[in-house]
Amino acid sequence: MTALPKFGSPTVHLPAILWLLAATAQVERPGDTASMPPTPDNPHERDRMLAFAVQWMPYGGGDAEDIMVAFGVPPETYFGRLRHLLADPAQSADLDARTVEALLRVCRGRLELGAVSVGRPGVGQ
């Protein structure tokens, strides 16, 4: 019987572990957050989400690995939470209306992309 490599060993890479965790997450549908609140429950986390969203908006919202590292959730969960956050004017009061609308477009696009890509094999598989 072969022992599993220990975390931090040269044969185990953090991005691969994060990908595996995201790929095996138990969700009913893309964006499902049954066991987690739909939006951050503290102002610091809300501000982090909004700052990340604004920073990555010109690039389509950031890649899955960056989202997983920053927030510990897959992109579908992040964009679902962000969309819920942006829908509440009290939560997104620091942003102008044009920025909110642009971020909502990014959320819609990423959530639709996630729904379309569910079940499709990746390149090279």
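The legends below describe close-up views of a predicted model.

**View 1. Overall fold of the predicted protein.** The protein contains five helices and zero strands, in the order α-α-α-α-α along the sequence. It has 125 residues, of which 30% count as buried. Among contacts with a separation of 6 or more, 62% join residues 24 or more positions apart. The exposed surface comes to about 8600 Å², with 59% of it supplied by carbon and sulfur atoms.

**View 2. The largest nonpolar core.** This core has 18 residues, and those touching the most other members are M49, F71, Y78, F79, L82 and L86. At least two residues come from each of α2 (43-56), α3 (64-71), α4 (75-86) and α5 (97-117). The largest contribution is that of α5, which gives six residues to the core.

**View 3. Surroundings of Y78.** With neighbours within four places in sequence left aside, Y78 is in contact with M49, F52, A53, I67, F71 and V73. Two of these partners, F52 and F71, belong with Y78 to one aromatic cluster, whose other members are W56, Y59 and F79.

**View 4. The aromatic pair F52 and F71.** The protein has six aromatic pairs. In the pair of F52 and F71, the ring centres lie 5.3 Å apart and the planes meet at 90°, so the geometry is edge-to-face. The two residues are 19 residues apart in the chain, with F52 in helix α2 and F71 in helix α3, and the pair thus links distant parts of the chain. F52 counts as buried because its relative accessibility is 10%, and F71 counts as buried because its value is 15%; the cut-off for buried is under 20%.

**View 5. The aromatic pair W56 and Y59.** W56 and Y59 also form an edge-to-face pair, with 5.9 Å from centre to centre and 70° between the planes. The relative accessibility of W56 is 24%, so W56 counts as partly exposed. Y59 has a relative accessibility of 62% and therefore counts as exposed. Both residues are part of the aromatic cluster that includes F52, F71, Y78 and F79.

View 6. The protein has four salt bridges. One of them joins E45 to R48, with the closest N and O atoms 2.6 Å apart. E45 and R48 both lie in helix α2 and are three residues apart, about one turn of the helix. E45 is partly exposed, with a relative accessible area of 22%, and R48 is likewise partly exposed, at 31%. R46 forms a salt bridge with D47, and here the closest N and O atoms are 3.0 Å apart. R46 has a relative accessible area of 17% and so is buried, whereas D47, at 35% relative accessibility, counts as partly exposed.

**View 7. The salt-bridge network of E101, R105 and R108.** These three residues, E101, R105 and R108, are linked in a network of salt bridges. Between R108 and E101, the closest N and O atoms of the salt bridge are 3.2 Å apart. R108 counts as partly exposed at 36% relative accessibility, and E101 is partly exposed with a relative accessible area of 34%.

Notes:
Residues are numbered from 1 along each chain as its sequence is written. This is a predicted model: local features need pLDDT of at least 70, side-chain atom pairs count only at pLDDT 80 or more; totals for chains, interfaces and linings use all residues. Side-chain values use heavy atoms; hydrogens and water are left out. Helices (H or I, at least four residues) and strands (E, at least two) are DSSP runs, numbered from the N terminus. Buried means under 20% relative accessible area, exposed over 50%, partly exposed in between (1.4 Å probe, protein chains only). Contact means heavy atoms within 4.5 Å. Accessible areas come from the Shrake-Rupley method with a 1.4 Å probe; for residues, only the protein chains shown count as cover. A nonpolar core is a set of buried Ala, Val, Leu, Ile, Met, Phe, Trp, Tyr and Cys residues joined through side-chain atoms within 4.5 Å. Rings of Phe, Tyr and Trp (its six-membered ring) pair if their centres lie within 6.5 Å; planes under 30 degrees apart count as stacked, over 60 as edge-to-face and the rest as tilted. A salt bridge is a side-chain nitrogen of Lys or Arg within 4 Å of a carboxyl oxygen of Asp or Glu.
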